[in-house]
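Trainee: I have a new model open. Show me how to read its overall build, feature by feature.

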Amino acid sequence: MPGPAIPDFLNHSPFEAEYLDGPVYRLTGPAEAAQAVRFGQQAGAALISCRTNTDLSMAGFRKIETLVTLETETLLEARAPAGFTVRDATPADIDSCRAIAIAELRQNRFHADPEIDNAAADALRAAWIENAIRGRADRVLVACIGDKVVGFNALLRRNDAIVIDLIAVAGSAQGRGIGGALVASIGQGESVSRIRVGTQAANTASLAFYKRLGFNETDRQDTWHWTPGPSR
């Protein structure tokens, strides 16, 4: 039997659903939060998310994080630290990038939600960077020492802006300027007016990193999750 028709105020997220054991939806506006929960219960949803500064707790949502958006119009000089190179990713880099994603990308809304299994969140992040390299992203940069990949930066083009979609540096290479080189290299071969990135307000190290690179905060929005609980 087909499920109920998806209402206009929900967007289906099939990629996330593959890893979260049930349908996943994004609520486009807070006004329909209660209706979204009723639909989610009927449809057997695993997750409904919404980014808004409206309190959705009365509808059964839980606040997971505050996402901070930052932008810069000043591109840094692209210079990798001594001993490292930055280049475009190839499919041969997928396994290395997946391992870095699993090890390092722990400060995000999926890992922050205690109702989402950490192994599922790890698998989702690993698949995210793999899909980016296979063509979902407009460009993926990798940082290398010799032939070893030690960082990546997946980029999306949104009109005149480049969005940092997913970035990480292996623990063994952190503190050596690799993250800055991955950001600075965005301008190579690109027509870029602005660079935009989102990070969690609780991730103070990430916020400080981007501000050192000349990014300025432009927006803050809370991330809300509804999950059905163990009885689903």
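Mentor: Start with contacts: a contact means heavy atoms within 4.5 Å. In this predicted model, residues 24 or more positions apart account for 69% of the contacts with a separation of 6 or more.

Trainee: How many helices and strands does the chain have?

Mentor: DSSP runs give 7 helices and 10 strands. The radius of gyration is 19 Å, close to the 17 Å from the globule rule for 232 residues, so the chain is as compact as a globular protein of that length. Along its principal axes, the C-alpha trace spans about 55 × 35 × 30 Å.

Trainee: What share of the residues counts as buried?

Mentor: Buried means under 20% relative accessible area. By that cut-off, 49% of the 232 residues are buried. As for the surface, the chain exposes about 11400 Å². Carbon and sulfur atoms supply 47% of that area.

Trainee: How many positive and negative side chains are there, and how far apart are the centres of the two sets?

Mentor: Count 24 positive and 27 negative side chains. The centres of the two sets lie 3 Å apart.

Trainee: Now the cysteines. How many disulfides does the structure hold?

Mentor: First the idea: a disulfide is a covalent bond between the sulfur atoms of two cysteines. The count here is 0. Take Cys97: its nearest cysteine sulfur, that of Cys144, is 8.4 Å away. The cut-off for a disulfide is 2.5 Å, and Cys97 is in none.

Trainee: Is Cys97 buried or exposed?

Mentor: Cys97 is buried, at 0% relative accessible area. Cys50 also counts as buried, with 3% relative accessibility.

Technical notes:
Residues are numbered from 1 along each chain as its sequence is written. This is a predicted model: local features need pLDDT of at least 70, side-chain atom pairs count only at pLDDT 80 or more; totals for chains, interfaces and linings use all residues. Side-chain values use heavy atoms; hydrogens and water are left out. Helices (H or I, at least four residues) and strands (E, at least two) are DSSP runs, numbered from the N terminus. The radius of gyration is taken over C-alpha atoms; the globule rule is 2.2 Å times the number of residues to the power 0.38. Buried means under 20% relative accessible area, exposed over 50%, partly exposed in between (1.4 Å probe, protein chains only). Accessible areas come from the Shrake-Rupley method with a 1.4 Å probe; for residues, only the protein chains shown count as cover. Lys and Arg count as positive and Asp and Glu as negative; His and the chain ends are not counted. The place of a charge is taken as NZ of Lys, CZ of Arg, CG of Asp or CD of Glu.
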